[in-house]
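Dear colleague,

Please find below the structure that I am handing over to you. My notes on what was found in it follow directly after.

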Amino acid sequence: MSFFMDSAISLSSKLLECVYIIIGLITIYAGVKNLLDKENPARYGTFVFWTSFGIVCALGHWLPTKVSGTLVIIMIIPAIFKRVKVGKQTIPTKEYSRKQYEKIGMKIFLPALTMGVMSLAFALLTKISALVGVAAGVIISILLLMAYSKDNRPSAFLKDSERFLSMMGPLCMLPQLLGALGGVFTAAGVGEVIGKIVSGIVPPGNVTIGIIVFAIGMVLFTAIMGNAYGAITVMTIGIGAPCILNYGADPVVIGMIALTCGFCGTLLTPMAANFNIVPVAILDMKNRFGVIKNQIVVALIMIVVQIIYMIALH
């Protein structure tokens, strides 16, 4: 409680912590629901995974680091042994979905649009995190969906949240782990090691070659990490700063386009699970890499465009 009463902590941080608490509670609910589900072939492992994940999300700010680390280790054990399974699900019939579509029509896309609009509004017009804006958009979307149909009771949203979590399974923790990996790589000095290697490849003062290596490095490192935000810190220390920024290039232009170069790597990797693997699970696609295969050409075209753009504007 002292965290929320502390005037030194920003409103954005307090609201963001509330969002994580809500996420954690929903995740704990998923664990308890699966524990009580006798049709789940791995209900105990599923319970351990989701409950541990939920406790870290909801209480991570207050838990000692060793406790959080222990929970993460406990969490991944059932995932490693494939003991996180989908239990009994109540899915609307095709006939029901068709009737709802005939009733609601294209208005069904309004809730999704609301989340994007609220995220941008919070990011551009306030000092509050855009993630809080997304949460506000979710609340508005729930109210809209409840207005669309009396069947959309609060319990329906809770059950659907658990259903989508179960569909994603352990992959849903990958973005958080990969984000942490970027900080670990930076602290371990990986960027400096990369810088020493690249210094023997890029001629001193040749910014054009430095940009090409930086851009391609962002693609490759993002593909490895699955996260452009984690990759850019390491790559900027190793290549961007010594080979480009030290020779007068505009850091705003270089940083902005380097991120979009990294996003090209996101299109190419299964490590970006929330973009490339989760849709496969939700859509029940037969080809596990179907999303990536359809993005390869776009990624290759865009990386060439980004390199040219960066060279022209640096």
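The side chains of E162 and K33 form a salt bridge, with 3.4 Å from N to O; the term stands for a side-chain nitrogen of Lys or Arg within 4 Å of a carboxyl oxygen of Asp or Glu. Because E162 belongs to helix 8 (residues 154-168) and K33 to helix 2 (residues 11-35), this pair ties together parts that are 129 residues apart in sequence. Helices here are DSSP runs (H or I, at least four residues), numbered from the N terminus. E162 is buried, at a relative accessible area of 0%, whereas K33 is partly exposed, at 23%. Buried means under 20% relative accessible area, exposed over 50%, and partly exposed in between, with a 1.4 Å probe and protein chains only.

Please note that this is a predicted model, in which local features need pLDDT of at least 70 and side-chain atom pairs count only at pLDDT 80 or more, while totals for chains, interfaces and linings use all residues. Residues are numbered from 1 along each chain as its sequence is written, and side-chain values use heavy atoms, with hydrogens and water left out.

The whole structure holds two salt bridges. The other pair is D160 with R163, at 3.2 Å from N to O. Both residues lie in helix 8, three residues apart, or about one turn of the helix. D160 is partly exposed, with a relative accessible area of 31%, and R163 is buried, with 13%.

Turning to the aromatic rings, three pairs were counted. Rings of Phe, Tyr and Trp (its six-membered ring) pair if their centres lie within 6.5 Å; planes under 30 degrees apart count as stacked, over 60 as edge-to-face and the rest as tilted. The ring centres of W50 and F53 are 6.4 Å apart and their planes meet at 15°, so this pair is stacked. Both are buried, W50 with a relative accessible area of 1% and F53 with 8%. Ring pairs join F49, W50 and F53 into a cluster.

Lastly, the second largest pocket contains about 230 Å³ of space. Among its 15 lining residues, G226, N227, Y229, N274 and F275 are the closest to its centre. A pocket is an open set of points on a 1 Å grid over the protein atoms alone, where a 1.4 Å probe fits, with protein on both sides within 12 Å along at least five of seven lines; lining residues have an atom within 4 Å of a point.

With kind regards

Definitions and conventions: Points joined across faces, edges and corners; volume = space filled by probe spheres on them. Helix = DSSP H or I, 4+ residues; strand = E, 2+ residues; numbered from the N terminus.
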